[in-house]
Amino acid sequence: MAHEEALKDYEERRRRALAMGGEAKLAKRKATGVLNARERIDLLLDDDSFLESGLFGTSVMPGDADNTPGDGKLAGFGRLDGRDIAVVSNDFTVKGASSSATNMKKIGHVKRVATERGMPLVMFGESSGARMPDNMGARGMGTMLGNDPQQYVRLRESPWVSAILGQCYGSSAWYACLSDFVVMRRGAVMAVASPVLASLAIGQTVDSEELGGTKLHSEVTGLVDLVTDTDEEAIAAIRRFLSYLPGHANEAPPRASVPDGSDDDGDGVLAALPESRNRVYDVRKILRSVLDRDSFMELKPLFGKPGVIGLGRLDGRAVGIIANNPMGKAGALDVAASEKITRFIVMCDSFNLPLLMFVDTPGFVIGIEGERQKAPGKIMNFMTALQMATVPKLSVLMRKSYGQAYLNMGGGRNSDDIAAWPTAEVSFMDPAYAARVVTWGRDDAEERARIEDEMRRSSSAYDIASIYAVQAVIRPQETRRYLKRMLEIHELRPTRGVGQHRMRNWPSTY
Amino acid sequence: MARHEVNADITGMVFKIEAEAGATLAEGDMVMILESMKMEIPVEAPVAGRLTEILVKEGDAVAEGQTLAVIEN
C-alpha cells in the first residue's frame, strides 16, 4: 500500500473513532446541557495535552466493531496545571458506556500506569453497567469479569477522583466508592443497579433520584463529597481538589502562593465566637478567617454536620481541616460525622496533608439513635485512624472539649501540639451534668450549685496548661500566626514531608 | 402548594418558640430554639413560606428527626 493510501485510511479510521456514537446522539445530548465524553476530557486537561490510549479499541463481539468507536470508554493521559494525570471518560453515546472486554482492558491499563508511575487518576462516571449480552452466560462472565485480581484493590499510591455525571451503575459506582474525592452533578444517579432492575427483581417501584440521587448521597450516605449543578462546575471542582494533593503518596503536596490579605482577618475569629458558652455559631467563619483567603474547600457539607471537614491552605501549605461545628447538633459528634472524619483522616494521612483540628464539642451524641448505628465502633475507627496518622497533627481548643471526644479531637498526645484559647473548657462531661451525677439521690440544690461551680472553675484553659496537657494558651486572633509557625516546626524534614501511610489499605467507606 | 417539614436535628427539649403560626418566613429565619447537650440550638426555616403548623410547645421533649413545624409555599 502506498504511504498516501495508508495515511488516508488512517485519517478515515481516526475520524470514525472520534465521532463517538454519531452526530444525532451527540446533538440530543448537547440539547440537555450535558457535556460529552471528549468535551469533559478537554475541559479537565491543560490545552492540547491529551494523549489518548485505545482510540482504535472496539468491541470484540462479532458484528459490533463498526458501532463501538473507542468501545464506549475513553482513556489516556494528560496534564493538569502542568502535572501528569490519567483519565477515564465514559462515552454514554456508545452502548451506554457499558463495560466490555476491550474497554475494561483500557481502564485497567491507565489505572495501572497511574498507580505504578504515581499520578492522579480521574474517572468521569456515566455507565449503564455490564454490557449485554456480552457478559451473559458462564462463558461471558468468565471472559469479561474476574481476570484482574487487583481490580478493586486500593492502596492509595496516587489520588483517585470520580465524577458521577449521569447514571452510574456497576463499575462507575464501584470506582467512585474507592475514590478520594467524589463529585456528583445534580440529576445524576449512583446505585448498585438501575430502577428498571429494582422493579424487575424485587418489584420495587422507585424513581432514580430516590434510589441514588444527589440528595441521598450528599445527605444520607455521605458517599459524595460535593454536588454541582453542571458538568462544568464538577470538572472545576476536580481541578480544585487535585490542586491541594500531591501527584502520588511519596511526595509532599504542592505549595501555593499566599493570596494578599490572608493575614488580615485575625479579628474575624473573635467576632465569630459568641461570648455565651451556650450559644452556637458557624465554625466555618472561623476557619475562613484563619486559612489563606478563599482557600477553604469544604467536603461533604450536608452529611454529618457536627463535623466539618475540608481542604485548605495555610501560608500556602495544603492542610486537612477537621472542626466541630456547634451549628450542627451543638457540635456533638454523631455516627455520620465520625464516619466522615475517619475517611478524611485516612485520605489526608495517605497523601501527606497535615491535619488541623478545631475543637468545640460537648462530646459524642448519646442515646438510642447512635447506638443502633454502632456508635462505639465508629468512635473507635475514628480514634484508631487519628492515632495511626503520621502526618503532623495540630489542634486548637476553642471552647468545649469533653469526654472521649477530647481524645478523638486530638486531646493529650493525640496531637503533636495543642493550643487552647482562653475560652477553652476541658473536662470529662459538662459540669451541669456531672454535678447531678455526683449528687444523685440528694435533693440539695445549693450543694449541687456549689459543686457545679467548682467543677466549672477547674475546667479552664489555664488548668490544662498548668499540667502541660496543652502546650500554649493563645489569643484567638493570633491563631493563624501560631498555626503557620507550628506547621513549619512540625514539618516532616527527614522524609521531605512524606508520612508512613499506615492506613493506605484501609477501606474507603465505613 | 408544597409542604415542607421542619425536623429536629437532635434529641432534646423545646427551649423557646420564636415564630408564630401563620407567619411568613424567609429561608433561614428562626422557627424555634431547642436545648440539648446544654446548648441552645436554633431551628431555622429550611425554605421560605408560610409557617402553617407548629406541632410542639415549649418544654416538650423531642426526638431526632421529629417534625416540629410545617411550612407551605
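Two residues are taken to be in contact if their C-beta atoms, placed from the backbone, lie within 7 Å. By that criterion, the contact takes 13 residues from chain A and 11 residues from chain B. On the side of chain B that touches chain A, strand 5 (residues 39-44) gives the most, with 4 residues; strands are DSSP runs of E with at least two residues, helices are runs of H or I with at least four, and both are numbered from the N terminus. That side of chain B comprises 5 nonpolar, 2 polar and 4 charged residues, where Ala, Val, Leu, Ile, Met, Phe, Trp, Tyr, Cys and Pro count as nonpolar, Asp, Glu, Lys and Arg as charged, and the others, Gly among them, as polar.

The model is predicted: local features need pLDDT of at least 70 and side-chain atom pairs count only at pLDDT 80 or more, whereas totals for chains, interfaces and linings use all residues. Residues are numbered from 1 along each chain as its sequence is written, and chains are lettered from A and ligands numbered from 1 in the order in which they are written.

Most residues other than glycine have a negative phi, and most peptide bonds are trans. K38(B), in the loop between strand 4 (30-36) and strand 5 of chain B, has a positive phi near 65 degrees. In chain A, D71(A) has a positive phi of about 60 degrees and lies in the loop between strand 1 (51-52) and strand 2 (73-80). A cis peptide bond, with omega about 0 degrees, joins M132(A) and P133(A).
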